[in-house]
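Hello,

Please read them alongside the model.

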Amino acid sequence: MSWHVFIPDSLLEETNDPKLKAYKVGQIARACAIFGVEHIWIYKAGGRDGRLIKTLLEYAETPQYLRKRLFPIMPELRYAGVMPPLQIPSHKEKGSPRIGEIREGFAFRRGKKLFADIGLDRPALVKGIADEGRGTFKIISVKPLRVVPAEPPGYWGYKVHWSRKSLVKTLKNADLDVVIATSRRGVDVRDAEVPLEGEVGIVFGSPRKGVFEILKEFNERYEFDLVLNTIPGQKTKTVRTEEAVLATLAIFNFMRRD
């Protein structure tokens, strides 16, 4: 089972403070990392911050030792330091290399040979077939330091998709088994049977507009498998998107059995 979280590009519409924007995106990243979300989709909802959201989410997911290689100096990252560290399995500390250890890295050519920066004192020689750029590697030798391409051993992080398309078109591109919308008008989650199997999409609205209001603005309709109120009895006038993401994933995490 894989979880796909859908957030609007209008996620940050309630603030003009760039530091607060980075903080809010960091809360989304942190919630998704805590509960093992594998895909975050940014759909078109009339906002102007799609690129900023994508950049900050990707930056947070990248191991610290690879950030300088993958991200040039850019205004979008000016306040990235306010985002909490994710501390997911791919974010390894430096330490000493161990045979069998799997690390995230960046492959690059030096002459005819391919090396990978895996966050250690020296680059590792890559054996086998691998593309240049970011990848996952397993240490097969310490002296000399050599690695081979590998698959992550479990949850490793999330991928970010900025669709630039409306919600309905984005959901179709995602090719999901189950799609659940969150709404204050939905079924009380305590009374629902939630089908958390296969590729599961969880859709969130913006701070000012719910999922159905966003659909209406784009003259779209979508038959969700379930519409849930995951914060029944809320005592605040509104629930911020980052709060809804954390609350919803916490409830679903309790339900999941994979």
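Aspartate 117 counts as buried, at 16% relative accessibility (buried means under 20% relative accessible area, exposed over 50%, partly exposed in between, with a 1.4 Å probe and protein chains only). This is a predicted model, in which local features need pLDDT of at least 70, side-chain atom pairs count only at pLDDT 80 or more, and totals for chains, interfaces and linings use all residues. Residues are numbered from 1 along each chain as its sequence is written, and side-chain values use heavy atoms, with hydrogens and water left out.

Aspartate 117 forms a salt bridge with arginine 69, with 2.8 Å between the closest N and O atoms (a salt bridge is a side-chain nitrogen of Lys or Arg within 4 Å of a carboxyl oxygen of Asp or Glu). The pair links distant parts of the chain, 48 residues apart: arginine 69 lies in helix H3 (residues 67-70) and aspartate 117 in strand E4. Helices (H or I, at least four residues) and strands (E, at least two) are DSSP runs, numbered from the N terminus. Arginine 69 is partly exposed, at 41%.

Strand E4 (residues 113-117) has four of its five residues buried, so it is largely enclosed by the rest of the structure. On one side, five bridges join E4 to strand E3 (residues 102-110), and the two run antiparallel (two strands pair if DSSP finds at least two bridges between them). Phenylalanine 108 has phenylalanine 115 in E4 as its bridge partner. E3 and E4 form a hairpin with two residues between them, and glycine 111 in the turn has a positive phi of about 70°. E4 also pairs with strand E5 (residues 124-126), again antiparallel, over two bridges, where alanine 116 stands opposite alanine 124. The E4-E5 hairpin has six residues between its strands, with glycine 119 in the turn at a positive phi of about 80°.

The whole structure has 13 salt bridges. One of them joins arginine 134 and glutamate 104, with the closest N and O atoms 2.8 Å apart. This pair also links distant parts of the chain, from strand E6 (residues 133-141) to strand E3, 30 residues apart. Arginine 134 is partly exposed at 32%, whereas glutamate 104 is buried at 5%. Arginine 190 and aspartate 188 meet in a salt bridge at 2.7 Å, N to O; arginine 190 is exposed at 63%, and aspartate 188 is buried at 18%. Glu14, Lys24 and Glu242 are linked in a network of salt bridges.

Regards
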